[in-house]
Amino acid sequence: MEIELVQLECKDGDLEYNLNKVRRAIKNSSDATDIMVFPETYLSGFPTQENLNMVSQSLDGSGIQQLKSLSKEKNIAITVGMAEAHEGKFYNTTVFITPEDGLLAYYRKTHLWLTDHGIFDAGDRYSCIEWQGVKIGFLICFDIEYPESARALGELGTELLIVTNGNMDPYGLTHRTAIMARAQENHMFAVMTNRVGLGNDGLVFHGGSCVVNPMGQLLCEAGREECSIRMNIDPKQMTQFLTEFNYLKERRMKITGQKIQHHTKHSDWIIS
Ligand code: BAL
């Protein structure tokens, strides 16, 4: 499975600028790419109280409709962050759009960062979907600093963890450590795409987008500039990492929550 991490500058509050960059990246992507991964809230940038209603969209809004068309035209799956408006509430959401399904999955950030509070409500579940024979789960930025979040996806059988990131200085090393740990302790591949450049309130986004294998080894890592990283991974290779032990089967303590199996290719872990 060919993954493309698209590490870009983002203009907070500028929907047109950000969507144009997504459009250009998709146009320039390789025909071999299966999934593109953009950063956290990339369609809107990080909202403020003042612009939240303007920059947030519903899951069937114009931004998603345009991404569905682009996905179909290019025959490529798109993972991107957005500010989601739903029934009077707002969520920091990642959407997963595929050529054949349209919007196949979405995930609402469950651990709100300092600047998320007062803007977004927290999600209450983790989702794992199967696409092209691979079980894919999603986290957003701060979520990866909590072992339970990736462990919930491990409970659902996730083989590939996709993280849309909006991590700023000085927390680069925190996320570098966290993503390797989450991948290793749950025997899953992890791909994480971050922003670069300046954001609201003087924030500086450090990039460092990366791919990690189920042994927690960094397979590739970006610097602090705009770039696209393409890597072919085979999550079914995981068996080579499970020869002697399995943390999920041998652990002594379980996480709280409830698994819901919607159908064979979609399960959720509900936070209790
Ligand atoms: N260091 C976490 C930043 C965020 O979750 O936005």
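## Loops, ligand site and annotated domain

Histidine 187 is found in the loop between α5 and β9 (189-193); helices (H or I, at least four residues) and strands (E, at least two) are DSSP runs, numbered from the N terminus. The structure is a predicted model, in which local features need pLDDT of at least 70, side-chain atom pairs count only at pLDDT 80 or more, and totals for chains, interfaces and linings use all residues. Residues are numbered from 1 along each chain as its sequence is written, and side-chain values use heavy atoms, with hydrogens and water left out.

Phi of histidine 187 is near 55 degrees, a positive value in a residue other than glycine. Glutamine 132, in the loop between β6 (125-131) and β7 (134-140), also has a positive phi, near 55 degrees. Proline 170 belongs to the loop between β8 (160-164) and α5 (172-185). The peptide bond that leads from aspartate 169 to proline 170 is cis, with omega near 5 degrees. Most residues other than glycine have a negative phi, and most peptide bonds are trans.

The table gives polar contacts, here pairs of N or O atoms within 3.5 Å.

| Residue | Protein atom | Ligand atom | Distance |
|---|---|---|---|
| Lysine 109 | polar side-chain atom | oxygen | 3.0 Å |
| Phenylalanine 142 | polar backbone atom | oxygen | 3.1 Å |
| Glutamate 145 | side-chain N or O atom | nitrogen | 3.4 Å |

Taken alone the ligand exposes 230 Å², and the protein buries 100% of that (Shrake-Rupley method, 1.4 Å probe). The ligand sits in the largest cavity, with more than half of its atoms within 2 Å of the grid points. A cavity is a set of points, on a 1 Å grid over the protein atoms alone, where a 1.4 Å probe fits but cannot get out.

An unreviewed UniProt entry annotates residues 1-235 as "domain: CN hydrolase"; such annotations may be inferred rather than shown by experiment. The end C-alpha atoms of this span lie 8 Å apart, and the span is 23% helix and 34% strand.

Terms used: Polar contact = N/O pair within 3.5 Å; in protein donor to acceptor, adjacent residues only side chain to side chain. 1 Å grid on protein atoms, 1.4 Å probe; cavity = no way out; pocket = protein on both sides within 12 Å on 5 of 7 lines; lining within 4 Å.
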